[in-house]
Amino acid sequence: MNKREFLKAGLLATVASQLPIKGQASPVVVSNKKKVIKNWIWINPNLKDTDDDLKTNYTAYKAAGITGIFFENDSERHFRAAKAHGIEAHRWIWTFNRAEMVTEHPEWYSKNRNGDSCADKPPYVKYYRWLCPSRPEVEKYLTDTVDKILAKDYVDGIHLDYVRYCDVVLPVNLWDKYKIEQTKELPEYDYCYCEVCQAKFKEHYNQDVKAIQYPEASLSWRLFRYGNIIRVVNSISAVAHQHKKPITAAVFPTPEVARRNVRQDWTNFKLDGVCPMIYHGFYKEGVSWIGDAVAEGIHFLAGKFPLYAGLYLSDFNNDEEVRSGIQYALKNGASGVSFFGRVTPSVLDILKQETSGFKA
């Protein structure tokens, strides 16, 4: 299954992003040429690749400054080939959005404010099946899953995706696609209100969430859900570190957007790196916004772990915009970039030119 299929579909309607107009100032952060830079690619391994294909691809990636790959599926041959070329091979997994337990454990799945379970009534698209992070059995299932993955000697680390609640608010560029105006939080997209969440919230805050007139405005209810995701992520992190392997995550573009749109407080995750998906086209922003998003993330992380700016290549109109996006990211404190989309030889050339002065 391709990553974020319904989001990519919405980009067909994206208004072309523009480079900053002449004379427009960008946030200025002095770059440190001694800084260690790591660059990544999100890919799904093509099982039809020949050995020559792997050699060609990974040689080109390494020469351009790609230091790690997030593989969406397991393929020992791809992992070992990447490692043989000096590239870290990390397993990229969907975390809370997983459909495989719907039949066996439908009770594990999140319910919206209307009481509908995404086990049988998924929001937006059919594959949106969100596990409830309040349930200890869900946490154990996820930690056990990661434990098994990291036990494989060819896996260098774990990369978490969909490490959040369902989108209570979609990126604005998708509103037309789904014929939705999400200027307020709608109950059919607001999760999770299952019995376990309600009971745990009442135990912790001595409040009945159903008795709150405007639960979408309740700060304690919001904080409770941030904490649910944080707890599970940090449990997974403990497993990764028991294996002495790094853990990273793909997250929403800024701390503010992440908390508001998907109840994700990633600045409090215990990670070894984070890849905010700073997909400017999703939010109808220009390329310069990449710098703004990086600067916000760096500020709130306060040095806890590195930030690698996630760039969606289809958002860029030309190679010079790609170059500008990389420059905005690095000038504002990113420790590298991560590409999602078709990585062309010209993109690799630009990456090499823009990051060659840094340590790898």
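## Pocket, core and buried loops

Strand S3 gives the largest share of the lining of the largest pocket, four residues. The model is a predicted one: local features need pLDDT of at least 70, side-chain atom pairs count only at pLDDT 80 or more, and totals for chains, interfaces and linings use all residues. Residues are numbered from 1 along each chain as its sequence is written, and side-chain values use heavy atoms, with hydrogens and water left out. Helices (H or I, at least four residues) and strands (E, at least two) are DSSP runs, numbered from the N terminus.

**Largest pocket**

- The largest pocket has a volume of about 310 Å³.
- Of its 14 lining residues, Glu 72, Asn 73, Arg 91, Trp 94 and Arg 98 are the closest to the centre.
- Two elements give two or more residues to this lining: strand S3 (88–94) and helix H4 (136–150).
- A pocket here is an open set of points on a 1 Å grid over the protein atoms alone, where a 1.4 Å probe fits, with protein on both sides within 12 Å along at least five of seven lines; lining residues have an atom within 4 Å of a point.
- Grid points are joined across faces, edges and corners, and the volume is the space filled by probe spheres set on the points.
- The lining of the largest pocket divides into seven nonpolar, three polar and four charged residues.
- Ala, Val, Leu, Ile, Met, Phe, Trp, Tyr, Cys and Pro count as nonpolar, Asp, Glu, Lys and Arg as charged, and the others, Gly among them, as polar.

**Nonpolar core**

- The largest nonpolar core has 121 residues.
- Trp 42, Tyr 58, Ile 158, Leu 160, Val 163, Phe 269 and Phe 339 have the most contacts inside this core.
- Helix H6 (residues 219–242) supplies the largest share of this core, nine residues.
- Such a core is a set of buried Ala, Val, Leu, Ile, Met, Phe, Trp, Tyr and Cys residues joined through side-chain atoms within 4.5 Å.
- Buried means under 20% relative accessible area, exposed over 50%, and partly exposed in between (1.4 Å probe, protein chains only).
- Leaving out residues up to four places away in sequence, Phe 269 touches Val 163, Ile 229, Ile 230, Val 233, Asn 234, Val 251, Gln 264 and Phe 305.
- Contact means heavy atoms within 4.5 Å.

- Helix H7 (residues 255–262) buries Pro 255, Val 257, Ala 258, Asn 261 and Val 262.
- These residues are on the same side of H7, because they cover an arc of only 165 degrees around the axis.
- The arc is that of the directions from the helix axis to the C-beta atoms.
- Helix H8 (289–301) is included in what covers the buried residues of H7.
- Arg 263 follows H7 and has a positive phi, near 55 degrees.
- Thr 267 sits in the loop between H7 and strand S6 (273–276).
- Thr 267 counts as buried, at 7% relative accessibility.
- Beyond its neighbours within four places in sequence, Thr 267 is in contact with Pro 255, Phe 300, Leu 301 and Lys 304.

- In helix H10 (residues 345–355), the buried residues are Val 347, Leu 348, Ile 350, Leu 351, Glu 354 and Thr 355.
- Their arc around the axis is only 160 degrees, so they lie on the same side of H10.
- Their cover includes strand S1 (39–43), helix H2 (51–64), strand S2 (66–71), H9 and strand S8 (337–340).
- Ser 335 is in the loop between H9 and S8.
- Ser 335 counts as buried, at 9% relative accessibility.
- Apart from neighbours within four places in sequence, Ser 335 is in contact with Lys 35, Val 36, Ile 37, Lys 38, Pro 306, Leu 307 and Tyr 308.

**Other loops and backbone geometry**

- The peptide bond from Tyr 191 to Cys 192 is cis, with omega near 0 degrees.
- Cys 192 lies in the loop between strand S4 (157–161) and helix H5 (195–205).
- Tyr 162 is also placed in the loop between S4 and H5.
- Tyr 162 is not a glycine, yet its phi is positive, about 50 degrees.
- Tyr 162 is buried, with a relative accessible area of 2%.
- Lys 284 lies in the loop between S6 and H8.
- Lys 284 has a positive phi of about 55 degrees, although not a glycine.
- Lys 284 is partly exposed, with a relative accessible area of 46%.
- Asp 315 is in the loop between strand S7 (309–312) and helix H9 (319–331).
- Asp 315 counts as buried, at 5% relative accessibility.
- Asp 315 and His 280 are 35 residues apart along the chain, with their C-alpha atoms separated by 6.8 Å.
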